[in-house]
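Please read the points below with the model open beside them. They go from overall confidence to the helices and then to single residues.

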Amino acid sequence: MSEHPEHGFSEQDVQREVTELEGKSATAARLFDIRRIIGGLFVIYGVIVTVTGLTDDDAAIDKAQGVNINLWTGVGMLLLGLFFLAWLKLRPAAPPPPRPVPEAEDRPTPE
């Protein structure tokens, strides 16, 4: 058993801790995937702008030369946000490849 006397941890303890930290890191990377953030923001803003476009009066539409710009922009933002979220669902972030564990003969022997 290869103990580290100054710390009291065995190699197995260290390897287990490294594996747990790598798993948590991969989970955090998937959680904060930029597609989730961009898609979520575009959906939220798209809903707000679409509702604004649905409730616009004639003066606001006349200001935009007869085009309900809020409605069309909101629908576009909603579609873009849904595209990002669908992309995230269909192609999730791949976990990083596992690091090779050094063989027993490759490890330095404690003295």
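Buried here means under 20% relative accessible area, exposed means over 50%, and partly exposed is in between, with a 1.4 Å probe and protein chains only. The model is predicted: local features need pLDDT of at least 70, side-chain atom pairs count only at pLDDT 80 or more, and totals for chains, interfaces and linings use all residues. Residues are numbered from 1 along each chain as its sequence is written, and side-chain values use heavy atoms, with hydrogens and water left out.

1. Confidence. pLDDT is the predictor's confidence in each residue, from 0 to 100. The chain has a mean pLDDT of 81, with 68% of its residues at 70 or more. Helix α4 has the highest confidence in the chain, at 96, whereas strand β1 (residues 3-4) has the lowest, at a mean of 48. Where pLDDT is low, the predicted coordinates should not be read in detail.

2. Overall layout. Helices (H or I, at least four residues) and strands (E, at least two) are DSSP runs, numbered from the N terminus. The chain has four helices and two strands, in the order β-β-α-α-α-α along the sequence. Of its 111 residues, 14% count as buried. Contact means heavy atoms within 4.5 Å. Among contacts between residues at least 6 apart in sequence, 66% join residues at least 24 apart.

3. Helix α4. The expected span of a helix is 1.5 Å times one less than its number of residues. Gly74, Met77, Gly81, Phe84 and Leu88 are the buried residues to look at in α4. They lie on the same side of α4, because they cover an arc of only 90° around the axis; the arc is that of the directions from the helix axis to the C-beta atoms. Trp72, Leu79, Phe83, Lys89 and Leu90 are exposed on the other side of α4.

4. The 21 residues of α2 should span 30 Å at 1.5 Å a residue, and its end C-alpha atoms are 30 Å apart, which agrees. Its buried residues are Arg35, Gly39, Val43, Gly46, Thr50 and Gly53. These cover an arc of only 100° around the axis, which puts them on the same side of α2. Which helix do the buried residues of α2 pack against? They pack against α4, and the buried residues of α4 in turn pack against α2.

5. Two positions in α2. Thr50 is in helix α2 (residues 34-54) and counts as buried because its relative accessibility is 12%. Leaving out residues up to four places away in sequence, Thr50 touches Asn70, Leu71, Gly74, Val75 and Leu78. Leu41 is also found in helix α2, but at 38% relative accessibility Leu41 counts as partly exposed. Leu41 and Leu78 are 37 residues apart in sequence, and their C-alpha atoms are 9.5 Å apart in space.

6. Aromatic rings. Rings of Phe, Tyr and Trp (its six-membered ring) pair if their centres lie within 6.5 Å; planes under 30 degrees apart count as stacked, over 60 as edge-to-face and the rest as tilted. The structure holds three aromatic pairs. One of them joins Phe84 and Trp87, a tilted pair at 5.9 Å centre to centre with 45° between the planes. Both residues lie in helix α4 (residues 69-90), three residues apart, about one turn of the helix. Phe84 counts as buried because its relative accessibility is 15%, while Trp87, at 37%, counts as partly exposed. Ring pairs link Phe83, Phe84 and Trp87 into a cluster.

7. A charge over a ring. The charged end of Arg35 sits over the ring of Trp87, 4.9 Å from its centre. The criterion is NZ of Lys or CZ of Arg within 6 Å of the ring centre and within 35 degrees of the ring normal.

8. Asn68 lies in the loop between α3 (58-63) and α4. Is Asn68 buried or exposed? Asn68 is buried, because its relative accessible area is 15%. Apart from residues up to four places away in sequence, Asn68 touches Gly53, Asp56 and Ile61. Gln65 is found in the loop between α3 and α4 and, at 76% relative accessibility, counts as exposed. Please check its backbone: Gln65 has a positive phi of about 60° although it is not a glycine.
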